[in-house]
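This report examines the aromatic rings of a protein and the charged groups placed over them. Please view the sequence and the model before reading on.

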Amino acid sequence: MTLPPLKEVIARHDLRAKKSLGQNFLLDLNLTAKIARAAGDLSRGTTIEIGPGPGGLTRALLEAGAQVIAIEKDARCQDALAEIAAHYPGRLEVIGGDALALDAASLGEAPRRIVANLPYNVATPLLIGWLRRIDAFESLTLMFQREVAERLTASPGTHAYGRLSVIAQWRAQVKRLFDIAPRAFTPPPKVVSSVVQFRPRADAPEAEFALLERVTAAAFGQRRKMLRASLKSLGDAAGLLAEAGLEPTARAEEIPIEGFCALARALAGSLTRRAGD
Ligand code: SAM
């Protein structure tokens, strides 16, 4: 017995897309297969999918040999997903709930990877959570709005370079793989989507996640200002910049990842000294 077409599944289970859940379903089998292929060898360990919806990408992952754990917030999708689970006995576990509240790094057997067409409204907080635990994953292969993908992969000196570029590229090698046009989705979103892949960086410069978030928030919060002004909220801006080996007249946009890590280390030192006073 073969699984019914996705359009029929959506109609039969009345899965009308909800905007509040960021639902844009990908029904093109060539594209779901392309995303599964881009995720690499799925035959070992666990493939975690966030937001399977009616299960288009889920089917492609299972077809590619994956053992899948899928987390879906929308209870209306459970019956459609149960049909897929029955078709691939013992290969698909569905967890009903909010992916933001779950620790994906502890699901299933290693090696773990995440593959998802992310709900756009929570894509960035989900990604930041996974970047914190990036060493627990072999890779993340994720679909974002193109504008977010551009920020994730941006280089210093470009308009798109910002907090997200620094945090993502500090923890991972980030690669934009391909774009997908709005018409491939039901309903079509307003913008083009991009598939982006993250692999943990073995050579990530030392820094504390929370402190790197603080320095990038301060620096890019006022990105047109010189760092000696924008970093004032952190304390002795001139001292921090000197310790990090950065020019006080530089602006956030010009500073490479290593420079922000040096600033985060300088801030760690100054907080320790202040606590000891
Ligand atoms: N994977 C399906 C596809 O490619 O057709 C659906 C992708 S759709 C862009 C996003 C999915 O994430 C929806 O099924 C939505 O219900 C689900 N979702 C939204 N917020 C979620 C959350 N916080 N936790 C888990 N799933 C969520």
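The following paragraphs describe ring pairs, then charges over rings.

The model is predicted, so local features need pLDDT of at least 70 and side-chain atom pairs count only at pLDDT 80 or more, while totals for chains, interfaces and linings use all residues. Residues are numbered from 1 along each chain as its sequence is written, and side-chain values use heavy atoms, with hydrogens and water left out.

The structure holds four aromatic pairs. Rings of Phe, Tyr and Trp (its six-membered ring) pair if their centres lie within 6.5 Å; planes under 30 degrees apart count as stacked, over 60 as edge-to-face and the rest as tilted. Two of the pairs are described here.

Tyr 161 and Phe 220 make an edge-to-face pair, with 5.8 Å between centres and 80° between planes. This pair joins distant parts of the chain, 59 residues apart: Tyr 161 lies in the loop between α6 (146-153) and α7 (163-171), and Phe 220 in helix α8 (residues 209-221). Helices are DSSP runs (H or I, at least four residues), numbered from the N terminus.

Phe 220 also pairs with Phe 260; their centres are 5.3 Å apart and their planes at 35°, so this pair is tilted. Phe 260 belongs to helix α11 (residues 257-276), 40 residues from Phe 220. Tyr 161, Phe 220 and Phe 260 form one aromatic cluster. Tyr 161 and Phe 220 are buried, as is Phe 260; buried means under 20% relative accessible area (1.4 Å probe, protein chains only).

A charge sits over a ring if NZ of Lys or CZ of Arg is within 6 Å of the ring centre and within 35 degrees of the ring normal.

| Charged residue | Ring | Distance to ring centre |
|---|---|---|
| Lys 34 | Phe 178 | 4.3 Å |
| Arg 171 | Trp 170 | 5.1 Å |

Terms used: Helices (H or I, at least four residues) and strands (E, at least two) are DSSP runs, numbered from the N terminus. Buried means under 20% relative accessible area, exposed over 50%, partly exposed in between (1.4 Å probe, protein chains only).
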